[in-house]
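Here are my notes on the model you sent over.

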Amino acid sequence: MLTTFTEKAAQNLEERIVDRLSRLDFQEAVDTNELRTGTLHSLAKDIMQEFRYEDYANVELLDEDAQQLFMYDNCDFVSVLRGSASADNWETVSDEEIDEVWRFFGELRGWKQHFSPNKWESTELAAKLFNRISQYRADTEALRTAAEPGWRVCAEGLDRYRETLQNNSRSDFARLLEQFVEFLDSEAGRRFVDGEPDRDRPPLEHVLVDEYQDTNPLQQELYFRLVEELDSPNITVVGDDDQVLYRFRGGTVECLIQFPERASRRFDTPVEEVQLRTNYRSTDDVVSWCNRYVGEYPLMGEPGTRAPGKEPMLVDRSDTADRTSVRALLSEDTATTAERAAELVERLHEDGYIEDYSQVAFLFKSTKESDDWAGRYVKALQDRDIPVHNPRNKAFLDRVEVQFALGAVIRVVDPEFEGANAPWVNLQGGVEDQVHEWAESFEDYVDAYDARALEGFVRRKQGEVERAEGGESLGFTILELLYQVLSFDSFYEWIEGSDRPDRGQRLGRLTNLFDAFLGVSGAGYLDKSGNVNAVSTSFLGSFYWTFCGYLQAQDFDEPEDPHDQLPAGFVQVMTTHQAKGLEFPVVFVGNLDTEPWTSGTYWLEDELEPYADIGPVGDVESRAERDEVRRFYVSYSRAEEDLVLLGSAGETTDLSLGYDADGTPIHEGWFSGERSVETPEDFLASVDEGVGPLDEIDLKRRYSITGDVLSYRRCKRQYGYYNELGFTPNHVTQLFFGRVVHETLDRAHRHHAGDLEGVDGDEPPSKAELREYFDEVAEALKARNIYPMSQEAEETAFEYIERFNEEEGEWLYPRVVDTEHHLQSNREDFVLEGVVDVLTSDDDGDEIWDYKAGQCPESGHELEDYQAQLYTYAELYRYQNDEYPDRGVIYFLGEDERADAMFEVDLAGGDVTGSIDEFERTVDDIETDRRDGEWFDITEAERPSEGTCAECDVRWSCPARPEYSLED
């Protein structure tokens, strides 16, 4: 089991392992499918699902957006932080105490601490407190008896929140890891550690952790519990305590610094320590600057702040000893510095010192495009027509396309703001101002972009709302309305114009946010209000206060392409946190005048230390200063060839420049001669040759037969929206039927295998037991606002499952080897993967089964696709097992007779090979369309079936289906 900090880093590690094994000719000796590689959260989620941990069955994992949207309406503690709760509803505080809780936690709110928080501020604060208590492994029972009322009621609130998550079949990132620790004590956890030979699952033998310096106590406990389950302790952790950046997310550097003592004490065995000192990246001058900066900084020499006996880094490169690489560009003010830096970048490119703008990075504490942060530098670069990539600029909601879309939606659902002004909505304050701003900007954008067709559509929709009777369904969801709005120009051009994929990605992100809101609010088709000219005020209250309030309260980053995080042709403007783990030939570092932020994170550490598994070193001020030293160290050490410090003359600090060996602060005078950059000529005169070609790291993309190949073949335009631009489908009720069928059948298989608590196995579930499993799955889906189309549809789903269980259970279930079985194969240019519903084996051979919840299609084309699906699974099976399965079966549960339900394929090797060739040709087509941006221009001859198009969210603007156009 190998964990690291990001999914991209995990994939990079996996590919490097495969490549290294291949070069050593060990690829046959080591099965890389037996490596579990990922972030700790992704692995915890996947493992608990794979081993069918009952307490994590049918659970939805909330991301940060969904967590806060869920907490806004479902967390009792939010009202306590607002100062609007009654002590009658709480066990741990009195009437006098509960009214002062928000003041106690004011340290976490900075300058706002003297003003009571609004509901969204309270929600964000509650999430931070709950996450930190879990991450620090604070004892909530002890907190419930704390002297401070705020902590008592906070602990009670967390206990309630955990129960609320469980009752609603949801989890969040912090609680996910708590559940994984509990999972290790279960029968399912035992099967994970010991392995399941019958299901081709090896035992856990090694635990390897990368980036351990940002581990928190909860993660440490999880790793230690894993190791305790092994026959003998076997764990390797890798990290650099000088690169700790994530204290604000609960990371504690002490987990790494004290790892030898903690592990030795826990496992009663010595710990081997190895220092990796060789730097393969940077020049002698850059390494020397970094060594001096962190090694000579007085606060970094205090006990407990760095690993004991840590030695300076060594340089592997042999050609840079006499080269000047560290310089400063210091002008009379920031604007002048920014202009000179932009001029220098332009000349570096013109003179061939850099071959691509992406070989340059500007690193800041924050990349907000304000004058205080990255704004002047971004503007100076753009004024010279230098492309800039700055996805963490917090400007998502400032983008025209986002504001225009929100304004159009609001204009439809509440044409004259009668709903907003209704007493039971009563929109006010900053949320009211923001909603009015979006709505009022709609007309301005209509004029600016001549969007008359969209204007006409909005008026027609307003008319539909006005004419509808109170309580009457309007026939669309809020997400479907958004999709209809996006079918008009200028949105159509912004999304499908190949020169502006960033605008399409932003609008895709907006659909994600709408979907997250629908997922926690349960809102379906919109109804007309019975009191005002607007949609239901019950919906509007939630839409305005929960959804629009969340948008107004947050700073959203721009969408990022995980496969192209450093796009060629763009100067990279990044925070230090973004740049961690990366390297660039030329690095500019700003904010040299910064001072430490003594944020509420340090106050939380001090407050929770008596109850938690933490031991912060030093007072608040020294911890904050050391964190800032580490941030500068990470920034400086990203440079391969050249490091340029940016600032205003006379405003640099000892914190940003550091000290020399005798403890004397480095001053700006150190940057003289070649180290001072006044003009591009100053820089270019001190270098001999360019930095070389762009070093691009292309991770293999992952493709599945259903999610990619068949989706692309069905409709490449739809694929472009969902898979490439990140749009979220408007599911409404389509999800329920397939999910309830698959998940109930999976429980039936596990029942027969004896994997469920209290079940002996070896018998199919009875009708009553099957109904119990079905109801559990159905209720879990409904708790997550995934509903059936009707009660009749729900009963039909159970009838399908019951018939299958009665007719096939006796002979099929005993043959089942595994269910929901993940398979993957590393191809030369991509990774092929898939999930098989059922693997079976007996004396007659091995089979792969896939369940379909409906009826067998009449179309030969669709059956050909299903055959291709089975052939692809067969190839994945061969990659893992060195032989093909004998047969494949697609089972259509909607058919009454077995003969009609079973579509069987003889998996002969030759046919499989041909299908894989076709798979690879389709992948080539996908890659070509991605490169050229040619997803969207499909012809009527290329369009999919009428049924597919009728359910498509982007049909309204499809050139192959003009009959769906909404233009008048």
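**Notes on the predicted model**

1. Let me start with the hairpin: S16 and S17 form one, with three residues between them. Strand S16 covers residues 816-826 and strand S17 residues 830-842, and the two pair in the antiparallel sense over nine bridges. Strands and helices here are DSSP runs, numbered from the N terminus (strands are E, at least two residues; helices are H or I, at least four), and two strands pair if DSSP finds at least two bridges between them.

2. Residues are numbered from 1 along each chain as its sequence is written, and side-chain values use heavy atoms, with hydrogens and water left out.

3. Buried means under 20% relative accessible area, exposed over 50%, and partly exposed in between (1.4 Å probe, protein chains only).

4. Which residues does Phe543 touch? Not counting residues up to four places away in sequence, Phe543 touches Val409, Ile410, Ile478, Phe514, Phe517 and Cys548. Contact means heavy atoms within 4.5 Å.

5. Gln572, in strand S12 (residues 571-575), is buried, with a relative accessible area of 1%. Leaving out residues up to four places away in sequence, the contacts of Gln572 include Ser358, Phe362, His389 and Phe584. Ser331 lies in strand S9 (residues 326-331) and is buried too, at 2% relative accessible area. Beyond its neighbours within four places in sequence, Ser331 is in contact with Thr336, Thr337, Arg340, Gly647, Ser648 and Ala649.

6. Please also check some backbone details. A cis peptide bond joins Asp489 and Ser490, with omega about 10°; Ser490 is found in the loop between helix H22 (478-486) and helix H23 (491-496).

7. Phe417 is not a glycine, yet has a positive phi of about 65°. Phe417 sits in the loop between H18 and helix H19 (418-421). Is Phe417 buried or exposed? Phe417 is buried, because its relative accessible area is 8%.

8. Asp882, also not a glycine, has a positive phi of about 65°. The loop between helix H36 (860-881) and strand S19 (887-892) holds Asp882, which counts as exposed at 68% relative accessibility.

9. Finally, the surface. Leu24, Phe26 and Val30 form a nonpolar patch there, with about 260 Å² of accessible area together. Leu24 belongs to the loop between helix H1 (7-23) and strand S2 (37-39) and is partly exposed, with a relative accessible area of 48%. Patches are made of residues with over 30% relative accessible area and no salt bridge, with like charges joined within 9 Å and nonpolar side chains (Val, Leu, Ile, Met, Phe, Trp, Tyr) within 5 Å. A salt bridge is a side-chain nitrogen of Lys or Arg within 4 Å of a carboxyl oxygen of Asp or Glu. Accessible areas come from the Shrake-Rupley method with a 1.4 Å probe; for residues, only the protein chains shown count as cover.

Notes: Predicted model: local features only at pLDDT ≥ 70, side-chain atom pairs only at ≥ 80, totals over all residues.
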